[in-house]
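Subject: Structure handover

Hello,

Here is the structure I promised to pass on. Please open it alongside this email; my notes follow below it.

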Amino acid sequence: MRLALFDLDNTLLGGDSDHAWGDYLCTRGILDADTYKARNDEFYEDYLAGRLDLNAYLDFTLEILAATDVAQLDEWHREFMRDCIEPIMLPKAAALLQQHRDAGDKLVIITATNRFVTGPIAARLGVETLLATEVEMVDGRYTGHSFDVPCFKEGKVTRLNRWMEENGYDLQDSYFYSDSMNDLPLLEQVTHPVVVDPDPRLHEEAKRRGWKELSLR
């Protein structure tokens, strides 16, 4: 079965779910809008520029998980899905996923955003297999720490290779769709790299390499 791999933020979604989660928490008054949003925006700019310190970002963004009961987090996430994620769902992305389903491909979302944020989004998109940055739980509560290899840059390749070995897949005739230059390590590994509404650096790289470019917006 051929693999069809998809980045999530700004690829299958018309926005960034991780950044949107922070904005949601500020809008609801759960976090201080002035201090948190400014720092969240700084991290997002670092991500776009390819200089994100992922460990520092994870420490920042996962702190709220450790401070909050899981039932409350789940309630907030349901509101987040309704108010922030549904509006950035892309019909063309749904059609692309269906195209690969109809072809008999194995669909995998592979994202740097943590599993707490992205698990329900992958389920909403009908994609069963999600490789994401993992968040630690102990005794039914989040600890505020991640574990395993972060699913970011070269880490996406590491996590995917391990998943393929464990599940009997390979990259023969594979596809990967992404918007971000941060995903160049994985785009270089697949048979069919496709850049989707790419950032400026990836757009130029795709032109240089003759990679296919498409828009789902």
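Lys156 sits in helix H8, residues 154–167. Its relative accessible area is 2%, under the 20% cut-off, so Lys156 counts as buried.

A word on confidence. This is a predicted model. The pLDDT averages 96 over the chain, and 100% of the residues score at least 70. Helix H3 (residues 33–49) has the lowest confidence, with a mean of 88. Strand S1 (residues 3–6) has the highest, at 99.

Next, the sheet. It is open and has seven strands, with mixed pairing. The order is S4-S3-S2-S1-S5-S6-S7. Strands S4 (141–147) and S7 (212–214) stand at the edges. Each has a single partner strand, so one side of each lacks a neighbour in the sheet. From one strand to the next, the twist averages 30 degrees.

Which of its residues are buried? Leu202, Glu205 and Ala206 are. Seen down the axis of H10, the buried residues fall within an arc of 100 degrees, so they line one face of the helix. They pack against strand S5 (175–178), helix H9 (184–187) and S6. Pro200, Lys207 and Arg208, on the other side of H10, are exposed. Gly210 follows the helix, and its phi is positive, near 75 degrees.

Last, Leu65. This residue lies in helix H4, residues 54–66. Is Leu65 buried or exposed? Its relative accessible area is 2%, under the 20% cut-off, so Leu65 is buried. Leaving aside residues up to four places away in sequence, Leu65 touches Leu73, Phe116, Val135 and Tyr142. Glu154 is 89 residues from Leu65 along the chain, and their C-alpha atoms are separated by 26 Å.

Best wishes

Methods. Residues are numbered from 1 along each chain as its sequence is written. This is a predicted model: local features need pLDDT of at least 70, side-chain atom pairs count only at pLDDT 80 or more; totals for chains, interfaces and linings use all residues. Side-chain values use heavy atoms; hydrogens and water are left out. pLDDT is the predictor's confidence in each residue, from 0 to 100. Helices (H or I, at least four residues) and strands (E, at least two) are DSSP runs, numbered from the N terminus. Buried means under 20% relative accessible area, exposed over 50%, partly exposed in between (1.4 Å probe, protein chains only). Contact means heavy atoms within 4.5 Å. Two strands pair if DSSP finds at least two bridges between them. Axes are lines fitted to C-alpha atoms, for helices over the stretch in contact, and angles run from 0 to 180 degrees between N-to-C directions. The arc is that of the directions from the helix axis to the C-beta atoms.
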